[in-house]
Amino acid sequence: MGILMNALRLFSQMLSLPLQLLELVGIYGAYKRIFPFFMYKTSIAYNKKMHEQKKELFRDLAEFARDGRALRLLEIGCGSGSNFQYYPRGCTVVCTDPNPHFKKYLQKSVASSDHLKFEKFVVASGEDLGEVEDGSVDVAVCTLVLCTVKDTTRVLVEVHRVLRPGGALFFLEHVVSDPSTWTFFMQHVLQPLWYYFEDGCEVTRATWKDLEASRSLLELNSMVTFFPLALGIKKNYMAQTGEVL
């Protein structure tokens, strides 16, 4: 299977050459204007498929509110705001995303989420959350984000910085599947093209290794996989202890 996988991956890489050229000359950046529309439309169907899993993932959010105050939540890579429906009533939400063109669709989600208090939208990568103050949020959320960032460890450092003591990180991520599965095979065959059509997403990452390598306290749920992308559903409680990630 390895020889066939490598051969098909090479073919996929050849098909992606025009996209690589577009990226090299700077034209591919125009796709970032279209990508938010695509994500906004597909997120509706995705939420229907993942509704129960997301409910389970986010059901404990309200427990992290402190001193009787409303929960303050930071969503990293918020996209079009497809997670808003799962956040508890009265929650204050700060959103960040490196793509400014999501703002139009994010505003639609804000308008239909009157159970939340929307604070601001910041154009920023997960590796640089400088506009979010140290220890200022109770909870950080990222879904299908760590599969696209350039430096996962740096994102975790930033999460650790902005979380208050006892805060938490909730996440759901694309991860590489078990090498013995056809999902693993398809991930590696499709990855060269998937990277460009999904705005830098890498479904072949073993993201949990970065999380487990951090020195914070981690509690990882078992992984659940769905063909063809192996969605790793993990919940991570990151209790701040003053240690460096």
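This is a predicted model: local features need pLDDT of at least 70, side-chain atom pairs count only at pLDDT 80 or more; totals for chains, interfaces and linings use all residues.
**Exercise 1.** Work out whether the end-to-end distance of helix α3 agrees or disagrees with its number of residues.

*Solution.* Begin with the extent of the helix, which covers residues 31-49 and therefore has 19 residues. Next, follow the axis along the helix, where a bend of about 35 degrees is found at serine 43. Ser43 is also one of the buried residues of α3, a group that includes Tyr31 and Phe35, and what covers these buried residues includes α4, α5 and α7.

**Exercise 2.** Determine which parts of the chain are tied together by the salt bridge of arginine 164 and aspartate 138.

*Solution.* First check the distance: the closest N and O atoms of the two residues are 2.5 Å apart, which is within the 4 Å cut-off for a salt bridge. Then place the partners, arginine 164 in strand β5 and aspartate 138 in strand β4, so that the pair joins parts 26 residues apart in sequence.

**Exercise 3.** Describe how glutamate 158 and arginine 161 are placed in helix α6.

*Solution.* Being three residues apart, they are separated by about one helical turn, and their side chains meet in a salt bridge at 2.9 Å, N to O. Glutamate 158 is buried at 4% relative accessibility, whereas arginine 161 is partly exposed at 22%. Both belong to a network of salt bridges that also links Asp134 and Arg154.

Methods: Residues are numbered from 1 along each chain as its sequence is written. Side-chain values use heavy atoms; hydrogens and water are left out. Helices (H or I, at least four residues) and strands (E, at least two) are DSSP runs, numbered from the N terminus. The expected span of a helix is 1.5 Å times one less than its number of residues. The bend at a residue is the angle between axes fitted to the seven residues ending there and the seven starting there. Buried means under 20% relative accessible area, exposed over 50%, partly exposed in between (1.4 Å probe, protein chains only). Contact means heavy atoms within 4.5 Å.
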